[in-house]
Amino acid sequence: MLLQIIYLIAISAEAMTGALAAGRRRMDLFGVVIIACVTALGGGSLRDIVLGHYPLGWVRHPEYLGYTVGAAFAATIVAKKLHYLRRTFLWLDALGLVAFTLIGCAVAREGGHQPAIVVVAGMLTGAFGGVLRDVLCNEIPLVFQRELYAVVSLLTGVAYLLLLRLGASEDVAVLACLGGGFVLRLLAIRYEWEMPKFVYQ
């Protein structure tokens, strides 16, 4: 139940960040809604397609679309004041990244997939909504050029599986990884931890 509540908060926050990205590209309201939905639900949809897990999450729970569309419209209304909430959005985004990752890992585990696939499924769920958003907005995805993001998702998934392998209960593993992944993401933002860059002239 805790993870579900966090998930609903996270998709709403991610939808708002998607709507703002669309606004920076001067898109109409239809474009705003599409980018918001892709940002919030795209990672989970890609995971379900890769794993053959049907129906897709938002098809099985259409209320998720309601949350994302509502959040997108809310972002357009309060956009001028959202810069005051930048830190809050960073925290929500970090929480959403970890929550999406753990949900993706849980879905893959329930499907009986191997550990490597479980970790990849978690990373797809956590990180690739933002990749799809940036691609549709004609930008280089931030995941590939800024502080640790996808790596945090990857490490969270690995830690989740290790805790379960060591005998931890599902709830303990989820809570421990939720807290650890969240702190790691905030530290990466605070100290600008990045992967080594490849520069070719």
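**Close-up views**

**View 1. Tyr64 counts as buried, with a relative accessibility of 7%.** Buried here means under 20% relative accessible area, exposed over 50% and partly exposed in between (1.4 Å probe, protein chains only). Please keep in mind that this is a predicted model: local features need pLDDT of at least 70 and side-chain atom pairs count only at pLDDT 80 or more, while totals for chains, interfaces and linings use all residues. Residues are numbered from 1 along each chain as its sequence is written, and side-chain values use heavy atoms, leaving out hydrogens and water.

**View 2. Tyr7, Tyr64 and Phe100 form one aromatic cluster.** Rings of Phe, Tyr and Trp (its six-membered ring) pair if their centres lie within 6.5 Å; planes under 30 degrees apart are stacked, over 60 edge-to-face and the rest tilted. The count comes to four aromatic pairs. In one of them, Tyr7 and Tyr64 have ring centres 5.2 Å apart and planes at 65°, so this pair is edge-to-face. Tyr7 belongs to helix H1 and Tyr64 to helix H4 (residues 63–78), so the pair ties together parts 57 residues apart in sequence. Helices (H or I, at least four residues) and strands (E, at least two) are DSSP runs, numbered from the N terminus. Tyr7 is buried, at 13% relative accessible area. Tyr7 also makes an edge-to-face pair with Phe100, 5.3 Å centre to centre and 70° between the planes. Phe100 sits in helix H5 (residues 86–110), so its pair with Tyr7 in helix H1 links parts 93 residues apart in sequence.

**View 3. Glu14 is buried yet has no salt bridge.** A salt bridge is a side-chain nitrogen of Lys or Arg within 4 Å of a carboxyl oxygen of Asp or Glu. Glu14 lies in helix H1 (residues 2–24). The nearest side chain of opposite charge is Arg133, 4.6 Å away; Lys and Arg count as positive, Asp and Glu as negative, and His and the chain ends are not counted. Arg133 forms a salt bridge with Asp134, at 3.0 Å between the closest N and O atoms, and both residues are buried.

**View 4. Arg25 and Glu139 meet in a salt bridge through their side chains (3.7 Å, N to O).** Arg25 lies in the loop between H1 and helix H2 (29–51) and Glu139 in the loop between helix H6 (115–136) and helix H7 (150–165), so the pair ties together parts 114 residues apart in sequence. Arg25 is partly exposed, at 39% relative accessible area.
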